[in-house]
Each structure stands twice: as structure tokens, then as C-alpha cells.
Amino acid sequence: MEAFWGAVAVFNYVVVGYFVALNVTYFVLSLFAFGTLKSYARRMKSLDLDELIRGGGAPPITVLAPAYNEEPTCVEVVRSLLTLEYPEYEIVVVNDGSKDRTLERLTEAFNLAPAPRMPTASLETARVRQVLQSRRHPSLWVVDKENGGKADALNSGINYCRTPLFCAIDADSLLEREALVRVVRPFLEDSRTIASGGILRIANGCVVEHGQVVDVRLPRNLLARFQVLEYLRAFLGGRMGWDALDATLIISGAFGIFRRAAAVDAGAYATDTVGEDMELVVRLHRHHGELGTPYKVSFVPDPVAWTECPESVRVLGRQRDRWQRGLFQTLTRHMKMLFNPRHGRVGLVAFPYFFFLEMLGPILEAMGYVAFLVTILAGRATFAYVMAFL
């Protein structure tokens, strides 16, 4: 029995060590993020976005919007995308075998008609039925295909992408009008940039008119309010800190921009994972690290995309379960990067953090809570240990 309690005591110290390591990492990332945000704010004061828009210095972009059963919102989302302030861009909506009237709604609203468009890549996807173009908005295209999932839909969009950059968004994402201009900045500043992501904000409770957030408000739902704080911490603290360390490992699937050639060379989106957005970024890191070619993955804190967050515990649980499974699938698939100096700070710092503290964290935390309660109930917890745990 004493051996059992000895093992529990050791495990309790491991759990406390885990929490210390996690919070120290958060604190250090916040320090880096604070300095980087101040520097970024100073740079943005000298950047004239209007001049960039008018000057035509920004490369063409294709916005890829996968859609599956989006009948209630698809028209409004596309209208919002058509109002983006950017010199040259196309919109490719990929209808991923919707079973509702998504395609019919888009056809009626934008006068779609079959049009020739040759693929520029040969990524394997579900069968494409037809390609349509809007007669009212020539830059709007719809790829109608059989169902294959979000990653498959994005790969279909990449196959028909004709621009050097593509922007991947969720079907329900609302982009601010200047979002593309801001998120493309790293590509203009550094030719090595292959990917860039922007911040996500919670739209619950906000006033939305014509696909744009016109009044930012807190959600009435308490669970959604906690997520507002969580998103701000994750993006302005975590991801900004990792960007300062040049070790960005995640770009949200709701708003990210990629160099098309780099994504195709790496195999584009994996269709056998639920975390295709993170998997692509990690694979890009691995691909370029193994080739030894210089590259850069960036995060920009102010190109805002707005998204709806879950307001019930059940839906939130399904979302976080999907995120955690995606994290597990991605990190175990690319284990060769763990502590691999060939991948620089990504392999030596970022990958170990996400592997040990984020992926294994929930298991360790759950077991730690049980061990903590058992120790308390058995009367074997010291005051110092309880305070350290809390």
C-alpha cells in the first residue's frame, strides 16, 4: 500500500510540474506577444492600405469557400466576399455535394451558368460534376462536386485555382473588407512566406448587416462569453507569441492564406484527418525543413474573420473533441519532427510544446484531478501541496 501512495505522490508532483510548465509557457509567450504587438502597431501606422489597394502591388488571390448544406447563409456569405477591398481576387465556392438547395440558391442569386475552366493541378478528389461562373460577377465561380468532406472540397478548389495565392475560409466566415489586404502583407515583406493567418473573432451577439459586422457586442450566452476571452488569449497571446519566435504551427481553417505552389508540392490538404488545417501547416514545415529550402509561416493580428461559436455544452464538446483528435492525428503523423534540429524552433520548441502540453495535457489533467481528490480524501495532502495545485 505504501508503494501505491508513493506512486500517487510522485504522480502528483508530475501534475504540478505540468501546470507550472504550462503557465510559464503561457507567460513567456505573452511577453513575446506584447512586444511584437507594439512593434506591429508602429509599423501599421506607416502603412497606407488605400495606397496598397490602389497601387496594384498585391498579388492576385483566390478565396476558397467550401460549402455543404449551407442553404440558409450561402448567398449572404458570397455577397460579403464580393465586397472585399482587394485589387484582384476570385471567389471559388466549392459545393461539396450538398443535399439541400445550396447550389440552387447560388444559381438563382448570382445567375450561374456552366463555363469552361481548366484545372491547374491534379490533386485527387471526389468527382467534379460541373464548373459554373456568375454572369453578373465574372470573378465568382462555383465548383459542383460529389461529397468528399471539407479537405477534399478545398483540394478541388486548389485544382481550379489560377492565382499564386489562395485564401481558405469556412462557409460561415465573415471577412472584414480589408482582411485580404492585411493578411497578404507578410508575402509582400518577405518572399520566403508560404502561409499567413489572421485572427478570428466571435460574432455571437454582434450586429451583422450585409455580411459585415457593424456593431461589436458581447454574446448574451455565458458560454460564448468565455470563448470570446479564450479566442483573444489564444490569438493575441499564443499565436502572436509563436509568431515572434518564428514557430507558428497553427493557422485556423476559418481564415488562412497560402502560396498555392507550396501547398500543391506538399500534397495539399489531407483528407484522412479531422484537423486538416493544422495538418497542412505542419506538413509545410516538415516538407520545407526536409528539403532545406528557406520559408516562413506568419501570423497577422488584425485581419479579422468573424465566426459563430457554440452556445451549448454539447456542441462545444463535439467541437473540442474534433480539435483534440485533429491535434493527435497531426502530431503523431509527423513525429519525426519532435526534437529534430533540422526543423529549427518548430521542431525543438513548438512541436514539443504542443505534443507534451497540449496533446497529452487533457489526459494528464484528468488523471491529476482524480489523484488530487484521492490524496485529499485519504488525508495525505499537505497544505503546501494543495496550494501549489490550486
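Q: How many cavities of 30 Å³ or more does the structure hold?
A: Rolling a probe the size of a water molecule over the atoms shows where empty space is left. In this predicted model, the largest cavity has a volume of about 70 Å³, and the second largest cavity holds about 30 Å³ of space. The number of cavities of 30 Å³ or more is two.

Q: Which element supplies the largest share of the lining of the largest cavity?
A: The lining of this cavity consists of Ala65, Ala67, Glu70, Cys74, Val77, Val78, Val93, Leu106 and Ala171. Two elements, E1 and H3, each give at least two residues to that lining. The largest share, three residues, comes from H3.

Q: How many charged residues are in the lining of the largest cavity?
A: Among the residues that line this cavity are Ala65, Glu70, Val93 and Leu106. Divided by class, the lining has eight nonpolar residues and no polar ones. The charged class counts Asp, Glu, Lys and Arg, and in the lining of the largest cavity the number of charged residues is one.

Q: Which elements give two or more residues to the lining of the second largest cavity?
A: The residues around this cavity are Lys150, Leu154, Ala168, Gly253, Tyr269, Glu276 and Asp277. The elements that contribute two or more of the lining residues are helix H5 (150-159) and H10.

Q: How many charged residues does the lining of the second largest cavity have?
A: The second largest cavity, with about 30 Å³ of space, has Lys150, Glu276 and Asp277 among its lining residues. By class, its lining includes three nonpolar residues and one polar residue. The number of charged residues in this lining is three.

Q: Which residue's side chain makes a polar contact with the side chain of His334?
A: His334 sits in the loop between helix H11 (313-333) and helix H12 (344-359), and its relative accessibility of 3% makes it count as buried. Beyond its neighbours within four places in sequence, His334 is in contact with Glu279, Val282, Arg283, Arg286 and Phe351. The polar contact of the His334 side chain, at 3.2 Å, is with the side chain of Arg286.

Q: Where in H12 does the kink of about 30° lie?
A: The buried residues of H12 include Val346, Gly347, Ala350, Phe351 and Pro352. What covers the buried residues of this helix includes helix H1 (2-45), helix H8 (222-244), H10, H11 and helix H13 (361-377). The kink comes shortly before the proline Pro352, and the residue at which it lies is Ala350.

Q: What is the distance at which the side chain of Gln133 reaches the backbone oxygen of Pro138?
A: Gln133 lies in strand E4 (residues 128-134) and is partly exposed, with a relative accessible area of 23%. Leaving aside neighbours within four places in sequence, its contacts are Asn111, Leu112, Ala113, Ala115, Pro138, Leu140 and Trp141. The side chain of Gln133 reaches the backbone oxygen of Pro138 at 2.8 Å.

Q: How far apart in space are Gln133 and Val92, C-alpha to C-alpha?
A: Gln133 is a residue of strand E4. Along the sequence, Gln133 and Val92 are 41 residues apart. In space, C-alpha to C-alpha, their separation is 9.3 Å.

Q: What is the phi of Asn69?
A: Asn69 is found in the loop between strand E1 (61-67) and helix H3 (74-82), and at 30% relative accessibility it counts as partly exposed. Its phi is positive in a residue other than glycine, with a value near 55°.

Q: Is Ala268 buried or exposed?
A: Ala268 lies in the loop between helix H9 (260-265) and helix H10 (276-291). Although Ala268 is not a glycine, it has a positive phi of about 60°. Because its relative accessible area is 0%, Ala268 is buried.

Definitions and conventions:
Residues numbered from 1 in each chain as written. Predicted model: local features only at pLDDT ≥ 70, side-chain atom pairs only at ≥ 80, totals over all residues. Heavy atoms only, no water. Helix = DSSP H or I, 4+ residues; strand = E, 2+ residues; numbered from the N terminus. Buried < 20%, exposed > 50% of the residue type's maximum accessible area, 1.4 Å probe, protein only. Polar contact = N/O pair within 3.5 Å; in protein donor to acceptor, adjacent residues only side chain to side chain. Contact = heavy atoms within 4.5 Å. 1 Å grid on protein atoms, 1.4 Å probe; cavity = no way out; pocket = protein on both sides within 12 Å on 5 of 7 lines; lining within 4 Å. Points joined across faces, edges and corners; volume = space filled by probe spheres on them. Bend = angle between axes of the 7 residues up to and from the residue.
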